[in-house]
Structure formats: C-alpha cells, structure tokens
Amino acid sequence: MEEGNKLAVDGYIFGTAEDAETARQEAGKVAYLEKNMDCRNKENMLAVYQKAIEKRIFCTPVGWEYLRKLQRSLSGDKELQERIPLIPLYTVFDHSAGKEKRTAPVRQIKKKGGVRRLLRLSMFLNILLAVAVCAMFYIAMTDSHPNILNYEKALVDKYAAWEQELKGLEGELRERERQLSGE
C-alpha cells in the first residue's frame, strides 16, 4: 500500500498514521450511529450530538463532518435551535508561510480512565514525596551531627561541654595547688 493510501480516510490525507487510524475509528463510529440512531426522533439526535461534543468523541474532520450533519438536521427545528451547541475545534489551522509554525495541542488521553489513572499516580507520588521530606526533617532533627537545622544547638552544647570540662580541670588544678602549698 502506498504511503498516501495509508494516511487517506474519507477524502482526507492525514499527517500521521495515528491520526489516520483515529479517523478510521471515527468513521466506524459514524457508521454505527447512522445505522442505529432514529433520525425521526430529534430529541434523541440532540442528546447524541450533545454527548458527542461533551465527551469529545470526534477529533478529526471525519467526525466533525458528521457533527455538522447532525447540527444541520437539528437546526431545522425551531424548538431545539437554542439548545444546539456549537462544535468546538481543539486544534490550530493557521500554517501560513512566513509565520512561525504552530503545532496542535497535545492529543487528549483516549482511555476513559486515563485521566483518573494519571491523577491517582500524581497523588501517590505527591504523598510519597511529602513522606520523604518529613523523613528527611526527622532524620535531620534527631541526628547528633550538626546540620543546617541544629548547628547552633550543637555548637552551644559542644562549647558548654568544653566549659564544664575546663571548670572540672581548673578545680582539679586548684586542689593540687592547695595540696602542694599545704605540704
């Protein structure tokens, strides 16, 4: 199969094989909806249209064409017109020559639980890091070696110990002097 054929879907040539595969999947969704949806029931059509926009089910021109087709069908009903949302396009189209090339935003995670899984992972890592920081503070506070948190106390204790030792030695010297002078 030629490269152009691998990337072509419903009259569009996509930039990557992943985008083309996404468009093929959307074409399958469109075919399923057209086969199973009752087009005479406008409320049902509106519900499908709104859910497709809300859940961002379609993200390629193949799916957008179907949304536009639903939008046109629904716009004929005066009662529904105010409830028909516009179709949001979450991509950049301006690739004019002479301008900096802008890229499309990162594609959303397609798995339903993907965002939840990433959120749980993020929360787990944040808790783990918080525990590690608390453990480091505990170790730093209980360690006998001077560090940035307890250096002043350690130095004062060290000098106080030296002072006690010097006073003890000074007392011993005076005692010896008295013994020598008393002899």
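Phenylalanine 137 counts as partly exposed, because its relative accessibility is 47% (buried means under 20% relative accessible area, exposed over 50%, and partly exposed in between, with a 1.4 Å probe and protein chains only). This residue belongs to helix H5, residues 114–142 (helices are DSSP runs of H or I with at least four residues, strands are DSSP runs of E with at least two, and both are numbered from the N terminus). Phe137 also takes part in a nonpolar surface patch of about 640 Å², together with Val133, Met136, Met141, Ile148 and Leu149. A patch is made of residues with over 30% relative accessible area and no salt bridge, where like charges are joined within 9 Å and nonpolar side chains (Val, Leu, Ile, Met, Phe, Trp, Tyr) within 5 Å.

The model is predicted: local features need pLDDT of at least 70, side-chain atom pairs count only at pLDDT 80 or more, and totals for chains, interfaces and linings use all residues. Residues are numbered from 1 along each chain as its sequence is written, and side-chain values use heavy atoms, with hydrogens and water left out.

## The chain as a whole

The protein chain holds 6 helices and 2 strands. Along the sequence their pattern reads α-β-β-α-α-α-α-α. The chain has 183 residues, of which 16% count as buried. It exposes about 15,000 Å², and carbon and sulfur atoms supply 58% of that area. Accessible areas come from the Shrake-Rupley method with a 1.4 Å probe, and for residues only the protein chains shown count as cover. Among contacts between residues at least 6 apart in sequence, 49% join residues at least 24 apart (contact means heavy atoms within 4.5 Å).

Asparagine 5 is found in helix H1, residues 3–7. Its relative accessible area is 44%, so asparagine 5 is partly exposed. Asparagine 5 and alanine 20 are 15 residues apart along the chain, and their C-alpha atoms are separated by 9.9 Å.

Alanine 20 is one of the buried residues of H2; the others are Thr22, Ala23, Glu26 and Val30. Seen down the axis of H2, the buried residues fall within an arc of 155 degrees, so they line one face of the helix. The arc is that of the directions from the helix axis to the C-beta atoms. On the other side of H2, the residues Ala17, Glu18, Tyr32 and Lys35 are exposed.

H2 covers residues 17–36; its 20 residues should span 28 Å at 1.5 Å a residue, and its end C-alpha atoms are 29 Å apart, which agrees. The expected span of a helix is 1.5 Å times one less than its number of residues. For H4, with 15 residues, the expected value is 21 Å, and the helix reaches 20 Å from its first C-alpha to its last.

The buried residues of H4 are Val62, Gly63, Trp64, Tyr66, Leu67, Leu70, Gln71 and Leu74. What covers them includes strand S1 (8–9), strand S2 (12–13), H2 and H3.

Threonine 60 lies in the loop between helix H3 (42–54) and helix H4 (61–75). With a relative accessible area of 4%, threonine 60 is buried. Not counting residues up to four places away in sequence, threonine 60 touches Phe14, Asp19, Thr22, Ala23 and Glu26.

## Salt bridges

Side chains of opposite charge can pair when their charged atoms come close. A salt bridge is a side-chain nitrogen of Lys or Arg within 4 Å of a carboxyl oxygen of Asp or Glu. A search of the whole structure finds 8 salt bridges, including those in the table.

| Pair | Distance, N to O |
|---|---|
| Arginine 40 and aspartate 38 | 3.2 Å |
| Aspartate 157 and lysine 153 | 3.4 Å |
| Lysine 167 and glutamate 163 | 3.6 Å |

Arginine 40 is exposed at 75% relative accessibility, and aspartate 38 is partly exposed at 32%.

Aspartate 157 and lysine 153 both lie in helix H6 (residues 151–182), 4 residues apart, or about one turn of the helix. Aspartate 157 counts as partly exposed, because its relative accessibility is 42%. Lysine 153 counts as exposed, at 57%.

Lysine 167 and glutamate 163 are separated by about one helical turn, because they are 4 residues apart in helix H6. Glutamate 163 has a relative accessible area of 43% and is therefore partly exposed.
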